[in-house]
Amino acid sequence: MRAGLGALATTTALGTLTASAWAKKVKAAALTDQDKADVARIEAYLNGITTMRAKFQQVDGAGNLAFGMIYVRRPGFLRVQYDPPSQVILVADSIAVSYYDGELNQLNQAPLGLSPLWFLLREHVSLGEDVTVTTFDRAPNAFQIGIVQSDEPDAGTVTLVLGDKPLDLQQWTIVDDKGKEVRVGLYNAEFGVKLENELFKTPEKKKKRS
């Protein structure tokens with residue numbers, strides 16, 4: 001289960017970036033004119049998100065289920081807090097992503113730019129430039145769009161599911177460079193809410209008693 005939680009935060013917090021990340025080429029999806037128009041709408045929608053607070057349900061590749069709250073303040077800030085008994089907290093403070101496991105009293109950190117969720121936290125989301133659209137599918141009143149960071153493709157792939165009319169971010173799936181998958185579904189999402197700075201404070205390890 002911890003592996004799944006780590007994939008949600010960053011593929012490198014618990015490992016090392018491989019050299020292939022610098023050489024790997026990303027193949028962009030072949031988009032129709034209608035696809036391009038819809039991608040532009042989705043880009044504008046994502047850029048319109050200033051803050052978000054939502055409950056989430058997470059499922060990893062082994063079928064493990066977790067629940068919690070997610071807080072986003074763009075650009076750069078994220079908090080993912082899991083419901084008990086999990087003691088895992090993920091925090092992005094605009095510079096780094098911190099993964100803290102309270103049960104193990106273990107803290108891992110990695111640059112924010114290496115997180116698969118960096119696409120959502122950028123000051124400006126640009127689908128097709130700094131983020132490459134690799135797949136795009138549509139269904140009645142819904143879209144599914146696959147993306148990777150153009151300059152860091154091994155940071156992980158992200159697939160978004162959005163409702164349409166109106167656009168509504170509903171779910172994302174992350175697959176890291178080791179093939180570990182995490183699917184996160186959002187519900188009861190609120191946008192444009194005030195979020196206190198304390199939410200995005202970097203976790204600290206508990207001091208050992210002498």
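Strands β1 (residues 51-60) and β11 (residues 181-191) pair in the antiparallel sense over eight bridges. Gln-57 has Gly-185 in β11 as its bridge partner. Strands are DSSP runs of E, at least two residues, and helices are runs of H or I, at least four residues, numbered from the N terminus. Two strands pair if DSSP finds at least two bridges between them.

This is a predicted model: local features need pLDDT of at least 70, side-chain atom pairs count only at pLDDT 80 or more, and totals for chains, interfaces and linings use all residues. Residues are numbered from 1 along each chain as its sequence is written, and side-chain values use heavy atoms, leaving out hydrogens and water.

## The sheet

The open sheet has 11 strands, with antiparallel pairing. Their order is β6-β5-β4-β3-β2-β1-β11-β10-β9-β8-β7. β6 (106-111) and β7 (131-139) are at the edges with a single partner strand each, so one side of each lacks a neighbour in the sheet. From one strand to the next, the twist averages 20°.

## Helix α2 on the sheet

Helix α2 (residues 33-47) packs on the sheet. It touches β7, β8 (142-149), β9 (157-163), β10 (168-175) and β11, where contact means heavy atoms within 4.5 Å. Its direction makes about 110° with that of β7 (axes are lines fitted to C-alpha atoms, for helices over the stretch in contact; angles run from 0 to 180 degrees between N-to-C directions).

The buried residues of α2 include Val-39, Ile-42 and Leu-46, whereas Asp-33 and Ala-44, on the other side, are exposed (buried is under 20% relative accessible area, exposed over 50%, partly exposed in between; 1.4 Å probe, protein chains only).
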